[in-house]
Amino acid sequence: MSASKRPNFLFQNLASKIASIPMILTAVVIFVGCTLWTVAYSFTGSRLLPRWRWVGLDQYERLWETDRWMISINNLILYGILMMLFSLALGFLLAALLDQKIRGENVFRTIFLYPYALSFVVTGLTWQWLLNPDFGVQKLVRDLGWSRFEFAPLTNNDWAIYGVLLAGLWQGSGLVMVLMLAGLRGIDQDVWKAARVDGISTWKTYIFIVLPMMRPIFVTAVVLVATGIIKIFDLIVAQTDGGPGLSTEVPAKYVYDMMFSSQNLGQGFAASTTMLLVVLVIIIPWSFYEFGGRRDAK
Amino acid sequence: MQNDMIGPRGPKPRSIFRLSNLVVYGTITILALYYLAPLYVMVVTSLKSMSEVRIGNVFALPVNLTFDPWFKAWSSACTGLKCEGLMGGFLNSVIITVPSVIVSIAIASVNGYALANWPYRGANIFFTILIFGAFVPYQLMLYPIVIILRELGVFGDLAGLVIVHSIFGMPILTLIFRNYFSSLPAELFKAARIDGAGFWGIFFKVMLPMSLPILVVAIILQVTGIWNDFLFGIVYTRPESYPMTVQLNNIVNSTYGEKEYNVNMAATIITGLVPLTIYFISGKLFVRGIAAGAVKG
């Protein structure tokens with residue numbers, strides 16, 4: 001901040017403080033207060049209503065003994081790893097292709113990004129239809145002559161999560177592309193000239209020179225995609241509703257169901273606190289990376 | 001040399017038919033199909049009758065073009081026992097989105113202005129909490145907010161949902177407004193100060209008239225974000241005021257009666273139409289909104 005040190009009176013910049021009341025309330029009451037409240041009540045035996053009856057770690061023990069939660073975690077890990085890898089790879093590939101001074105760049109960029117404007121509900125329902133075994137892609141290919149062709153991930157316990165992945169990638173990879181394209185455009189053209197003079201092929205330049213230079217962009221993309229993965233909820237509700245069986249259940253849905261339909265608040269609180277821990281594991285190293293070197297970066 | 005001044009600039013354009021170009025255009029076209037296919041299939045399905053949907057394949061163009069699925073989706077598709085279509089959900093979404101966008105942007109623009117031009121001790125601490133709060137899973141705050149809204153007497157009401165959207169839109173909006181106001185020349189602010197203008201005077205007479213570009217970005221972000229919201233819509237409203245996304249999900253995933261895929265797809269397109277329109281009209285600004293949210297500094 002450029003402001004030099006001034007005496008600190010309570011009334012200094014009073015209008016500014018009054019105008020900031022909504023922000024201060026949101027930060028303190030909602031983001032800190034409500035989060036701590038949920039963490040605290042995850043140690044209680046609350047069911048239909050929150051009750052301050054201390055049960056220690058009971059909720060957490062029960063949580064980790066529940067099949068549905070374990071399956072949810074496994075699903076999220078599988079989906080998360082694949083979503084991360086594929087959306088970074090696809091996003092970078094799209095950006096690199098768009099960066100080839102191609103004709104119709106705007107048209108292609110518009111095509112790759114439009115799904116990002118759509119909601120997860122619309123995304124989920126669209127892909128539910130495309131992957132419908134009786135009418136969708138499977139039937140199309142069978143009608144073409146391959147009568148034993150099988151492509152119906154949403155009706156198969158082992159494959160359903162990949163069906164969700166197809167939809168998630170379709171919706172979210174455009175965002176990564178935009179970030180990567182901004183990164184590519186920010187790279188000094190002299191780097192390219194130098195690589196060409198040295199006779200390094202285009203794809204090698206991308207992988208060994210340009211990619212390492214884009215590390216900050218990758219970090220941003222990883223954080224954005226990761227927080228999106230942990231929050232995944234609407235897409236699942238719309239596309240599979242957790243099924244078939246429990247094969248596409250995810251933690252956020254477990255929390256929602258415990259809180260608002262199973263009347264098991266304590267479980268919901270414990271599950272959401274666990275989600276917070278996962279987020280902290282991502283956010284804390286990132287914030288050191290991003291702001292560690294500079295003081296007062298914000 | 002002189003030729004360079006009048007002729008076309010830049011390197012000589014490469015021929016389209018080089019092998020490397022074929023690879024580039026080939027790959028990008030195939031990838032484009034992955035992104036376009038779902039939209040195409042949605043539109044085509046929504047224009048067929050159910051009997052045609054059953055016999056044909058999803059990519060086939062409609063033989064007998066019909067708009068009935070669209071009318072049905074709009075006014076008489078069923079969610080369970082009620083058959084009122086998406087119309088009500090559309091109105092609810094409009095009623096939710098308009099005030100939420102206005103209130104959230106009003107609050108956040110003042111926040112950003114206060115942070116950028118009138119810093120006070122501790123301001124950055126609150127701002128940092130706000131930014132980190134954006135990463136906390138909503139699930140942690142869902143229930144306590146239910147209690148707060150109930151205490152305030154606005155649970156299930158429009159006012160409650162406006163508050164919720166203002167809260168969760170605040171981190172990103174405050175960030176982009178703060179960055180924007182910080183980037184304006186400081187002389188402007190100082191000159192207005194010397195002329196005796198105060199906090200609100202400078203905001204309304206100097207800053208706001210200059211913030212049109214960032215206001216548009218903020219509006220794009222909020223309209224699409226709030227229109228597409230599902231979680232808050234389902235937690236903080238009553239069934240009669242469900243937004244469009246929730247109603248769409250109820251219509252399509254209703255287990256009641258025979259599935260009408262053509263009506264479902266029409267309903268899905270109708271729900272996506274508002275954000276899509278904004279996306280296609282706003283073009284580069286939409287990208288700017290995403291970039292503003294993603295690249296922090």
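Tutor: A few ground rules before we start. Residues are numbered from 1 along each chain as its sequence is written, while chains are lettered from A and ligands numbered from 1 in the order in which they are written. In this predicted model, local features need pLDDT of at least 70, side-chain atom pairs count only at pLDDT 80 or more, and totals for chains, interfaces and linings use all residues, and side-chain values use heavy atoms, leaving out hydrogens and water.

Student: How many helices and how many strands does chain A have?

Tutor: Helices (H or I, at least four residues) and strands (E, at least two) are DSSP runs, numbered from the N terminus. Read from that end, the elements of chain A go α-α-α-α-α-α-α-α-α-α-α-α-α-α. So the tally for chain A is 14 helices and 0 strands.

Student: What is the radius of gyration of chain A?

Tutor: This value is taken over C-alpha atoms, and the globule rule is 2.2 Å times the number of residues to the power 0.38. The C-alpha trace of chain A spans about 65 × 65 × 30 Å along its principal axes. A compact globule of 298 residues would come out near 19 Å, but chain A has 24 Å.

Student: What share of the residues in chain A is buried?

Tutor: Buried means under 20% relative accessible area, exposed means over 50%, and partly exposed is in between (1.4 Å probe, protein chains only). Of the 298 residues in chain A, the buried share is 55%.

Student: Are α5(A) and α8(A) parallel, perpendicular or oblique to each other?

Tutor: Axes are lines fitted to C-alpha atoms, for helices over the stretch in contact, and angles run from 0 to 180 degrees between N-to-C directions. Helix α5 (residues 105-117) and helix α8 (residues 160-185) of chain A pack at about 135°, with axes 5 Å apart. Under 35 degrees counts as roughly parallel, over 145 as roughly antiparallel, 65 to 115 as roughly perpendicular and the rest as oblique. That's why α5(A) and α8(A) are oblique.

Student: Over in chain B, how is α5(B) placed relative to α10(B)?

Tutor: Helix α5 (residues 87-117) and helix α10 (residues 199-210) of chain B have axes 11 Å apart and pack at about 110°. That makes α5(B), relative to α10(B), roughly perpendicular.

Student: Is A:Lys101 buried or exposed?

Tutor: Look in the loop between α4 (67-98) and α5 of chain A. A:Lys101 isn't a glycine, yet its phi is positive, about 50°. With a relative accessible area of 71%, A:Lys101 is exposed.

Student: And what is the relative accessible area of A:Gln263?

Tutor: A:Gln263 sits in the loop between α13 (251-260) and α14 (265-291) of chain A, and has a positive phi of about 50° although it is not a glycine. A:Gln263 is partly exposed, at 44%.
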